[in-house]
Amino acid sequence: MVLSKTASQSDVSVHSTFASRYVRDQLPRFRMPENSIPKDAAYQIINDELMLDGNPRLNLASFVTTWMEPECNKLIMDAINKNYVDMDEYPVTTELQNRCVNMIAHLFNAPLGDSETAVGVGTVGSSEAIMLAGLAFKRKWQNKRKAEGKPYDKPNIVTGANVQVCWEKFARYFEVELKEVKLREGYYVMDPAKAVEMVDENTICVAAILGSTLNGEFEDVKLLNDLLVEKNKETGWDTPIHVDAASGGFIAPFLYPELEWDFRLPLVKSINVSGHKYGLVYAGIGWVIWRNKEDLPEELIFHINYLGADQPTFTLNFSKAKPSHCSVLPANSFGL
């Protein structure tokens, strides 16, 4: 959401490109008009204004793809009126979403048995996914500290200074200290050794980036895992890793299958990924996958029944009108 602002007083009305008896008078720009206008006239005015936007097909700088197959467009329009948080009303959509979560979990080598379903949730891009993953780490750390009778009011998270702004938002919105590993000339990603040095007993997780916003480079998650395993042994802590795979999660498994960055590493507890990075998918699609059920505290999952049967949900918002290729929390992802 972009914060709104008004223009100067000299530009307070909307002018129509075409003469029409319905838009002969200027329409107020920032207030509701006194009288209604026909829907086709309203469409024409808005459509004319939108023509001043850039051409999405020429936009190569927003970290998203802007073209999808026509069949995908049709599926989107066929499903856009479904508020798919209502799993009883839209069980087939829920099943499709369940498949998405499980496909991604298997792609990222989640340690699932033959009859196990994945633990994950579809989100509005990776930003919401990171918020949810961060909340899970914070709550699990707090629960452990409370059980040990230790202070739990100063959580921190360790990242590189090259992280996307959503990590700064998470830290500020949910009161977590952000400890950034500074970059240096010629090395523009997080240094795993320096990151582990910054870890202390209040660190809820270390966030590694698989595809830096600055240059697309993968951080060395394997080295980070190995160094953190040693530090955990020395200190008795159990500091985990989250992998922000927004840009690289749908690239590494196919181009670099031998690269160990995902759930093959024991300290990687959750991974977020975006569907709209280089994947011929419109912006706004993301997922977060957890290693197993124990990595997502049960108290963060809300159970609602006023839409029908018991429905677990873990999102920052409730209603969701999205295309059918997105994914939300499936009821059986938690073995419920």
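Let me start with a term: a residue is called buried when its relative accessible area is under 20%, exposed when it is over 50%, and partly exposed in between, using a 1.4 Å probe and protein chains only. What we have here is a predicted model, in which local features need pLDDT of at least 70 and side-chain atom pairs count only at pLDDT 80 or more, while totals for chains, interfaces and linings use all residues. Residues are numbered from 1 along each chain as its sequence is written, and side-chain values use heavy atoms, with hydrogens and water left out.

I will begin with Lys277, which the unreviewed UniProt entry annotates as "modified residue: N6-(pyridoxal phosphate)lysine"; such annotations may be inferred rather than shown by experiment, and their positions are given in the numbering used here, with feature names shortened. Lys277 sits in the loop between strand S8 (268-274) and strand S9 (286-290), where strands are DSSP runs (E) of at least two residues, helices are runs (H or I) of at least four, and both are numbered from the N terminus. Lys277 counts as buried because its relative accessibility is 13%. Leaving aside neighbours within four places in sequence, Lys277 is in contact (heavy atoms within 4.5 Å) with Phe63, Ala246 and Ser247.

Strands are said to pair if DSSP finds at least two bridges between them. S8 pairs with strand S7 (residues 241-244) in the parallel sense over four bridges, and His242 has Ser270 in S8 as its bridge partner. S8 also pairs with S9, here in the antiparallel sense over five bridges, with Asn272 bridged to Val288 in S9.

Finally, the charged pairs: side chains of opposite charge can pair when their charged atoms come close. Counting a salt bridge as a side-chain nitrogen of Lys or Arg within 4 Å of a carboxyl oxygen of Asp or Glu, a search of the whole structure finds 12. One of the salt bridges joins Lys222 and Asp226, with the closest N and O atoms 2.8 Å apart, and both residues lie in helix H7 (residues 221-235), four residues apart, about one turn of the helix. Asp226 counts as partly exposed because its relative accessibility is 32%, and Lys222 is partly exposed too, with a relative accessible area of 31%. Arg264 forms a salt bridge with Asp262; Asp262 counts as buried at 1% relative accessibility, whereas Arg264 is partly exposed at 34%.
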